[in-house]
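Colleague: Could you walk me through the surface and the charged pairs here? I'd like to go one topic at a time.

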Amino acid sequence: MNRIVIIGGGPAGYVAAITAAQQDKEVILVVDGPLGGTCLNEGCMPTKSLLKSADTYDLVKNAGQMGIRLSPNSIEVDWATVQERKREVISKLVNGIRYLMGKNKIKVIQGRASILSSNRLRIENGNENEVIDASKIIISTGSEPIPLPFAPFDGEWIIHSGHAMSLPAIPDSLLIVGGGVIGCEFASIYSRLGTKVTVIEMGERLLPGEDDGITSILHDELMNQGVTVHTSTTVKNINSTSKTVFLEIGDGKLVEMISDYVLVSIGRRPRVNGIGLEENDIDFSRLGISVDDRMQTSNPSIYACGDVIGGIQLAHVAFHEGRVAALNACGQFAQVNYRAIPRCIYTSPEIASVGLTEKEARQKYGEIKVGEFAFSANGKAVLSNKPVGKVKVLVNPQYNEILGFSIVGQHATELIGQGTIMLHAEITADMMEDLVAAHPTLSESIHEALLNVVGQAVHC
């Protein structure tokens, strides 16, 4: 038998399925829900659809700054159309994955899978059970939102990100618990659509995993968009009846807040329950399934990838982990280069980074070189009326090794691809000094930041 069975049809699962099929394996993909998983159906893609609508509304409202005169009274958000467009985007992309399954002769079975042994699974779909055999199994069951311990999601007032993108109307007020990626993105969406947004973050600043000098710019811009941000603040209790949230602000002050909705975005946990891990000697914890650098679990016939292994819970990481898991399950050798994983936050302005932050670089290497270039000195950013932000590059002075890039500003999530290539290819900073960047482009800022490392930036 030469069959690969994959549990889960999200980014890791369907990419693993296609990759295994390309190796001439018989592939079965078991999905408990729609193809595309959380990312495509209630995560990455629908969120970005809403962000695009918010961007467009923001652009039209501020068209006067570009010499385009519009009547403010004629500009409004048709929320029903926004939601319909989001659904159309999801449908088109799901159909695309369904087409790829057929093109690659992948059998898709709807149901909930549990592992019976190293080479056997049970699939349950309602009252029907099916047992299938496999030469190798790949687990890609994804993750789910973490609720507050004293306030489970009710989908009505206490909501998670899946609920937040399908609200019946634009709320007057929204309280977001958690100032990480999801919290900041929804703050950026709803604040620009007219909602009074408050963000509660337990840490000292928003996006604690990113560079301090980068996130501070986003903090200021969110406040300019009308967002109220409370850092070093803890949610002590929630009263669903009165729709009141009780907070303790950093100095011990107790505050009560009332909001139309409470969006809890304090993280996601791997889906590890009910799939037969304990019974098959597969090491795991609440943080996810343990795997080696080939995505192989403690059971040599079983692999795991994507959010279910914890780590970096991003769709593009899941894509690559799915490919690596499938190639290794098919007898080849592949690994993930985690050193060059871009991290993207689709707020306004966007944030994107790859490699180390300045704090991480100094902890690891001690003295480092830092080069920065502000978009306010970049011609393309100025003429686009988007001068807020900067590029920051970190370099190890001993070997001129590029350690990390951080960008905040328009199109940061596209620009970071250049930094990702540099880190992946292990290109040194001195190799990039003679790079010719087209003018006028935002890419010039990356070149200027690299030149600034050695004090040779031209436009600052």
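Colleague: Which residues make the nonpolar surface patch of about 290 Å²?

Modeller: Met 66, Ile 68 and Leu 70 make that patch, where patches are built from residues with over 30% relative accessible area and no salt bridge, like charges being joined within 9 Å and nonpolar side chains (Val, Leu, Ile, Met, Phe, Trp, Tyr) within 5 Å. The accessible areas come from the Shrake-Rupley method with a 1.4 Å probe, and for residues only the protein chains shown count as cover. Bear in mind that this is a predicted model, in which local features need pLDDT of at least 70 and side-chain atom pairs count only at pLDDT 80 or more, while totals for chains, interfaces and linings use all residues. Residues are numbered from 1 along each chain as its sequence is written, and side-chain values use heavy atoms, with hydrogens and water left out.

Colleague: And where is Leu 70 placed?

Modeller: Leu 70 sits in the loop between α3 (44-61) and α4 (79-103), with helices (H or I, at least four residues) and strands (E, at least two) taken as DSSP runs numbered from the N terminus.

Colleague: Why does Leu 70 count as partly exposed?

Modeller: Because its relative accessibility is 46%, and buried means under 20% relative accessible area, exposed over 50%, and partly exposed in between (1.4 Å probe, protein chains only).

Colleague: Switching to charges, how many salt bridges does a search of the whole structure find?

Modeller: The search finds 17, a salt bridge being a side-chain nitrogen of Lys or Arg within 4 Å of a carboxyl oxygen of Asp or Glu.

Colleague: Which residue does Glu 26 pair with?

Modeller: Glu 26 bridges to Arg 3, with the closest N and O atoms 3.1 Å apart. That pair links distant parts of the chain, since Glu 26 belongs to strand β2 (residues 26-31) and Arg 3 to strand β1 (residues 3-7), 23 residues apart.

Colleague: Is Arg 3 buried or exposed?

Modeller: Arg 3 is buried, at 18% relative accessible area, whereas Glu 26 is partly exposed at 40%.

Colleague: What about Asp 32, which partner does that one have?

Modeller: Asp 32 forms a salt bridge with Arg 112, the closest N and O atoms being 3.6 Å apart. Asp 32 lies in the loop between β2 and α2 (37-42) and Arg 112 in strand β4 (residues 112-117), so the pair ties together parts that are 80 residues apart in sequence.

Colleague: Last one: which residues are linked in a network of salt bridges?

Modeller: The network links Asp 211, Glu 358, Arg 362, Glu 372, Lys 390 and Lys 392.
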